[in-house]
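Hello,

Here is the structure for your files. My notes follow below it.

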Amino acid sequence: FDVCADWKWCFKQIEELNIDKLLTSGQKKSAYEGRDLIAKLVQLKTRVGIIAGAGVNNTNLEAILRETQCKEFHSSCRVSRESKMKFRRLDIPMGASNDNQNEFLIKYTDKNKVAELVNIY
């Protein structure tokens with residue numbers, strides 16, 4: 001949906017396929033940037049539930065909810081920590097596809113970030 005050329009046509013297809021939920025950033029890099037389209041989708045008042053997602057965090061959730069009237073949102077609440085692995089073969093990448101990825105970082109959902117969003121919601 002977020003990369004389709006005609007969102008109205010695509011949304012009609014979503015309805016016709018009886019899809020229950022649409023996770024969307026409003027065709028922008030983040031849900032905050034796409035909040036205008038997200039609000040339009042919510043205002044359609046169809047049976048398709050709209051879930052605002054992408055870049056949702058404690059600094060923008062309140063505005064996203066208020067401005068879109070969206071009832072659901074998605075956030076990874078992701079943080080990273082260094083692996084405790086001691087032996088590292090830096091000359092043989094095992095999954096990192098480019099130099100910008102650190103394969104020794106572990107990404108996980110932070111329960112404190114989740115709690116912050118729950119308090120805002």
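**What was found**

Of the protein's 121 residues, 31% count as buried. Buried means under 20% relative accessible area, exposed means over 50%, and partly exposed is in between (1.4 Å probe, protein chains only). Please keep in mind that this is a predicted model: local features need pLDDT of at least 70, side-chain atom pairs count only at pLDDT 80 or more, and totals for chains, interfaces and linings use all residues. Residues are numbered from 1 along each chain as its sequence is written, and side-chain values use heavy atoms, with hydrogens and water left out.

The protein exposes about 8700 Å². Carbon and sulfur atoms supply 51% of that area. Accessible areas come from the Shrake-Rupley method with a 1.4 Å probe; for residues, only the protein chains shown count as cover.

**Fold**

The secondary structure comes to four helices and five strands. From the N terminus, the order is α-β-α-β-α-β-β-β-α. Both kinds of element are DSSP runs, numbered from the N terminus: helices are H or I with at least four residues, strands are E with at least two.

Three strands form an open sheet, ordered β1-β2-β3, with parallel pairing. Two strands pair if DSSP finds at least two bridges between them. β1 (21-24) and β3 stand at the edges with a single partner strand each, so one side of each has no neighbour in the sheet. Neighbouring strands here are turned by 30° against each other on average, direction ignored. The axes behind that angle are lines fitted to C-alpha atoms.

Strand β2 (residues 49-53) is joined to β3 by three bridges. Ala52 has Phe73 in β3 as its bridge partner.

Of the contacts with a separation of 6 or more, 58% come from residues 24 or more positions apart. A contact means heavy atoms within 4.5 Å.

**Rings**

How many aromatic pairs does the structure hold? One. Phe73 and Tyr121 form it, tilted, at 5.6 Å centre to centre and 55° between the planes. Phe73 lies in β3 (residues 72-74) and Tyr121 in the segment after α4 (111-120), so the pair ties together parts 48 residues apart in sequence. Rings of Phe, Tyr and Trp (its six-membered ring) pair if their centres lie within 6.5 Å; planes under 30 degrees apart are stacked, over 60 edge-to-face, the rest tilted.

Phe73 is partly exposed, at 25% relative accessibility. Tyr121 is exposed, at 55%.

Arg35 lies over the face of Tyr32, 3.7 Å from the ring centre. The criterion is NZ of Lys or CZ of Arg within 6 Å of the ring centre and within 35 degrees of the ring normal.

Best wishes

Key. Axes fitted to C-alpha atoms, helices over the stretch in contact; angles between N-to-C directions.
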